[in-house]
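Let's walk through this fold together, strand by strand and helix by helix. Keep the view open beside you as you read.

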Amino acid sequence: MLYQAYQMYADMMQPACSLADITATLLSASRRAGRCEPLRAMRAACEVLALARLTHYRPPFGIDSVRVGGVEVPVVEEVVTRTPFCTLLRFRREGVPQQPRVLLVAPMSGHFATLLRGTVETMLRDHDVYITDWHNPRDVPLIYGRFGFDEFVQHLITFLRALGGNTHVVAVCQPTVAALAAAALMAEDGDPMQPPSLTLMAGPIDARVNPTRVNELAMSRPIEWFESTLIGFVPWRFAGAMRRVYPGFVQLIAFMSMNRERHEQALRDLYELRARGEHSKADAIQTFYTEYFATMDLTAEFYLETVSLVFQRFLLAQGLLDVAGRRVTTRAIQRTALLTIEGEHDDICAIGQTMAAQDLCSSLRPYLRMHHIQTGVGHYGVFNGKRWETQVYPLLRETIYMADEIRR
């Protein structure tokens with residue numbers, strides 16, 4: 001009944017939120033409202049109310065062009081291949097010579113791949129970028145079967161093979177575990193499509209290291225509690241009706257509760273900035289929360305398996321992880337350059353959890369293993385924002401170009 005209760009509440013709030021949205025739009029277009037303090041305050045209140053509703057469809061990436069070599073070039077999204085659960089999406093840059101190809105593995109953790117919009121924009125300057133655009137399971141009919149951790153790993157292997165080899169992998173947050181497992185399986189098979197480099201950013205390779213509140217929550221209850229308490233059924237009116245899911249709104253509430261005061265302050269700032277007419281600063285807050293409140297569900301099997309395998313039993317870190325009946329042997333990786341990146345103030349994936357991959361990939365020669373701790377950033381600052389662009393990204397770019405040179 002969890003999902004159904006939420007949907008009833010969302011349906012009840014929809015008229016008020018829609019009216020607030022329309023009112024805010026009309027006031028923003030009015031010159032008189034811009035000069036009148038009470039009308040600015042009304043617009044601000046309406047925007048905050050409209051922002052309070054969650055959406056369940058992927059926002060547009062909205063990347064129309066990018067600057068490459070000092071020249072602005074158009075960007076076109078194109079579908080490379082599609083499964084019921086994911087689209088492999090390419091950001092094709094018109095008229096740009098061949099550059100390193102990168103598969104950006106987006107998290108499946110309650111938000112859409114557009115959360116990595118800034119990451120994509122930055123990488124497009126020097127790379128041919130593809131991304132895993134995961135579909136919302138509430139829109140995937142039951143006839144397409146299950147999607148668990150094994151299926152996630154197999155998707156990555158399938159996509160790398162579809163891209164035809166020499167594709168670098170960059171995994172952000174939760175999918176670092178699956179990306180490392182995929183690289184290990186391909187290495188053990190001697191697969192010619194195995195990536196020349198693997199970058200793992202702020203991910204829980206070994207969640208035993210410096211446990212965060214996320215890790216402590218996972219260990220505080222048996223997996224049966226998570227299944228009985230947090231799993232719901234998609235309501236009948238959606239394409240994925242009766243699919244068991246971990247609802248995205250539950251994940252969002254969990255994330256926001258970790259930093260409740262910061263989020264409350266941000267929404268107060270939005271109101272005050274808009275009421276004062278400081279629209280550029282208010283726009284930045286509104287843009288962030290419009291994206292942040294776009295939530296997607298997770299299939300029950302993927303969520304529960306991730307909690308169990310990664311956050312409770314730590315199987316990859318102990319060399320005990322099996323994927324589709326095969327043991328994952330990370331020491332099989334010998335040709336893939338490894339870069340691990342962590343944030344100094346990351347309260348979701350603490351320092352040391354991602355670096356653990358360095359010890360697991362014991363067969364790699366020292367010059368193929370690199371680790372970087374980015375000072376002054378939390379979780380999202382590792383892959384978004386000024387320090388990402390000026391300090392993290394140059395290191396990632398050099399690693400990719402170096403791995404290409406070695407392969408030649």
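Predicted model: local features only at pLDDT ≥ 70, side-chain atom pairs only at ≥ 80, totals over all residues.

Residues are numbered from 1 along each chain as its sequence is written, and side-chain values use heavy atoms, with hydrogens and water left out.

Strand β13 (residues 337-343) and β14 are parallel partners, joined over six bridges. Here helices (H or I, at least four residues) and strands (E, at least two) are DSSP runs, numbered from the N terminus, and two strands pair if DSSP finds at least two bridges between them. Strands of a sheet pair through backbone hydrogen bonds, either parallel or antiparallel.

Now widen the view to the whole sheet. It is open and has nine strands, in the order β1-β2-β3-β5-β4-β6-β7-β13-β14, with mixed pairing. At its edges are β1 (65-68) and β14 (369-374); each has a single partner strand, so one side of each is left without a neighbour in the sheet. From one strand to the next, the twist averages 25°.

Inside this sheet, look for β4 (101-105). Five of the five residues of β4 are buried, so the rest of the structure largely encloses this strand. Buried means under 20% relative accessible area, exposed means over 50%, and partly exposed lies in between (1.4 Å probe, protein chains only). R101, L103 and V105 point one way from β4, while V102 and L104 point the other way. Four bridges join β4 to the parallel strand β5 (residues 128-134), and there the bridge partner of R101 is D128.

α6 touches β6 (167-172) and β7 (197-201), and its direction makes about 160° with that of β7. Helix α14 (residues 386-407) lies across β4, β6, β7, β13 and β14, running at about 175° to β14. For these angles, axes are lines fitted to C-alpha atoms, for helices over the stretch in contact, and angles run from 0 to 180 degrees between N-to-C directions.

What about the interior? In soluble globular proteins, nonpolar side chains tend to be buried together. The largest nonpolar core has 109 residues, and F91, I131 and L180 have the most contacts inside it. Such a core is a set of buried Ala, Val, Leu, Ile, Met, Phe, Trp, Tyr and Cys residues joined through side-chain atoms within 4.5 Å. Helix α6 (residues 176-188) gives the largest share of this core, 11 residues. Apart from it lies another core, of 12 residues, among them L252, F255, A266 and F293. Leaving aside neighbours within four places in sequence, the contacts of F91 (heavy atoms within 4.5 Å) include F61, V75, L124 and I131.

Next, turn to helix α12 (residues 300-312) and its surroundings. α12 is mostly covered, with 12 of its 13 residues buried. These buried residues pack against α5, α6, α7 (213-220), α8, β9 and β10.

How do the axes of α8 and α12 cross? Those of helix α8 (residues 223-230) and α12 come within 10 Å and cross at roughly 150°. That makes α8 roughly antiparallel to α12; angles under 35 degrees count as roughly parallel, over 145 as roughly antiparallel, 65 to 115 as roughly perpendicular and the rest as oblique. I223, F226, E227 and L230 in α8 meet Y303, L304, V307, S308 and Q312 in α12.

Helix α5 (residues 149-162) packs on α12 at an angle of about 95°, with the axes 8 Å apart. That makes α5 roughly perpendicular to α12. F149, D150 and F152 of α5 make the contact with F302, E305, T306 and L309 of α12.

Finally, visit two loops. Most residues other than glycine have a negative phi, and most peptide bonds are trans. F314, in the loop between α12 and β11 (322-323), has a positive phi of about 55° although it is not a glycine. F314 is buried, with a relative accessible area of 13%. N166 lies in the loop between α5 and β6, and its phi is near 55°, also a positive value. At 38% relative accessibility, N166 counts as partly exposed.
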